[in-house]
Amino acid sequence: MVTVSTANTDNGEQNAQPDRTLIQIDDFNAWYGDFQALHGLSLQIPRYKVTAFIGPSGCGKSTLLKWINRMNDIIPGAHAKGELKICGEAETPPGRDTNILDPALDVVRLRRKIGIVFQKPNPFPKSIYDNVAFGPRLHMKTTKAELDELVEWSLRKAAVWEEVKDRLHGPALGLSGGQQQRLCIARAIAVGPEVLLMDEPCSALDPASTLAIEDLIFELRSQYTIVIVTHNMQQASRCSDKTAFFFEGRLIESGDTERIFTKPEQKQTDDYVRGKFG
Amino acid sequence: MALPKALQNRDFRSTRVGMISERIIVVLLGLCALITVLITIGIIYMLVTQSAGFFRSDFVSLRGFLTDKEWTALQSQDLAKAQFGILPLLSGTLRVTLIAMLIALPLGLITAIYLSEFASSKIRSWLKPTLEVIAGVPTVVLGYFAILVISPSLQWASGGAFSTFNATSAGIAVGILCLPMVCSLSEDAMRAVPRSLREGAYGLGCTPFETSVKVVVPAALSGIVSAFLLAFSRAIGETMVVALAAGTLPTLTADPTRQAQTMTGFIVEMIKSESEYGTVQYFSLYAVAVSLFLITFAMTLLGQIVRRRFQESYQ
């Protein structure tokens, strides 16, 4: 069912290469006011892989996800300590390490580099075309032709082009939930990010749309580093390369998805992936 | 799929310019907000300092102002005999406002329930504009209407018990004036109630009327109450109708058939009279204005408290 793109041989090779850490997390702690949501977490997120965060509700997985592109800035009282950085040498083109927690960091640039897709599809009340063109219009100077090309490319990448190509200027809110979510993915990749964060991207969708998005995620990892938060264990096992299991604000175990699901080292992980709790 | 040209170029706009202009914009927005605060402070400063001139005068005291039962600022030629008790003016304002609210609140709320829960889109499409027409009628026309239509009708119906200028006809006209405001704000509040709540009520076997009265109205209560309070403030502050129709005699009574000069009505008359700057009469203007301001301010505060309280219980 899942077909990995073979058109781009470069990326096919990259997938076979050993892991190169793109996002380095070390002794990371996060709070909402006085409540500590994350405790001394260490984790490496490899480039061009899909990393899944799993765990029961309230375990802190979404908190960590939202710190990666500083979405928590807009939550009053949210603060964090520890190391959270983008490893410069893993970037294209290679650069210096970026400390994501640096208060002086240009978060606009950070978020252009690290896009996010939310749980509920949230297209703007504009046309399909304008939704995808929204980011590019903000961030780059393009000609009309370049923008058209970019919009089409993004929609194709997000596997929604065939369904919307005849109504690009129709309202985005007229699309089905699954189409809206793929539109949101198209919107996110249209500004050329390196990382895509996905916060339970399928939990509001029906099984068919979920499958379409999962295929898409698997496909996209040839060009993007993807971090996905999910409640759905099958989803994690189907579409991720790496899995990190969170429980009560701590990272219990992380590693290759296959190993986590077949030979977990910790009992808690074992119980969780076998559906004993959570 | 080849990368599109725009992404190959990676010709991103500098975010530095964006960050600087963002900062400038925030400062500008802050300045605009500051202006409204400064205007408010300016008005309060002026009201307080000018009314201080009133209370400093030998002819009045704060105690007398609050408790005396007569207001004869314009009636007595002799300053020494003039009475400055706010109660008659206050009673006039309250009578007119109360009558207005008796008309506007029930009628407005019922119309809003009908519009939001029962009316077909066709009925809505002409009922709403009709209400908006009322909102568009100049208050001076309504004042006229009160003297020339409502007041004679009342006199005819009561066998002459009403005086030509009376609190009731002014109150009815002010009520009509407030009606569209109560109606459209309450309707907005009810329409904002999520459909899931209505479905929940229908799912338990409620009739449409039970649903709207037992579920929708309580859920929209914060919005409805703030609509009421807003209408109340509007009625207290309404000037043209009462200046025309309520009469010019301040009376301390509960009798709605008699004349009832209101606080706003007095201010109009005072400004149009020929009192000189610096006289007690002149300064009394500000004392009345401060009282009026305090009442509407209290209403605004109350509205905020109510909104906060009810919103908490429904979210």
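Two strands count as paired if DSSP finds at least two bridges between them, and helices (H or I, at least four residues) and strands (E, at least two) are DSSP runs numbered from the N terminus. This model is predicted, so local features need pLDDT of at least 70 and side-chain atom pairs count only at pLDDT 80 or more, while totals for chains, interfaces and linings use all residues. Residues are numbered from 1 along each chain as its sequence is written, with chains lettered from A and ligands numbered from 1 in the order in which they are written.

**First stop: a strand with two partners.** Now click on A:G33, where the hairpin, with 2 residues between its strands, shows a positive phi near 60°.

Most residues other than glycine have a negative phi. Go to A:A159, a non-glycine residue whose phi is positive, near 55°; look for this residue in the loop between α5 (144-157) and α6 (161-164) of chain A. Then jump to A:E248, also not a glycine, with a positive phi of about 45°, in the loop between β9 (242-247) and β10 (250-256) of chain A.

**Last stop: the annotated span.** Select residues 23-273 of chain A, where UniProt (unreviewed entry) places "domain: ABC transporter"; UniProt positions follow the numbering used here, feature names are shortened, and annotations may be inferred rather than shown by experiment. The end C-alpha atoms of this span lie 25 Å apart, and its content is 37% helix and 26% strand.
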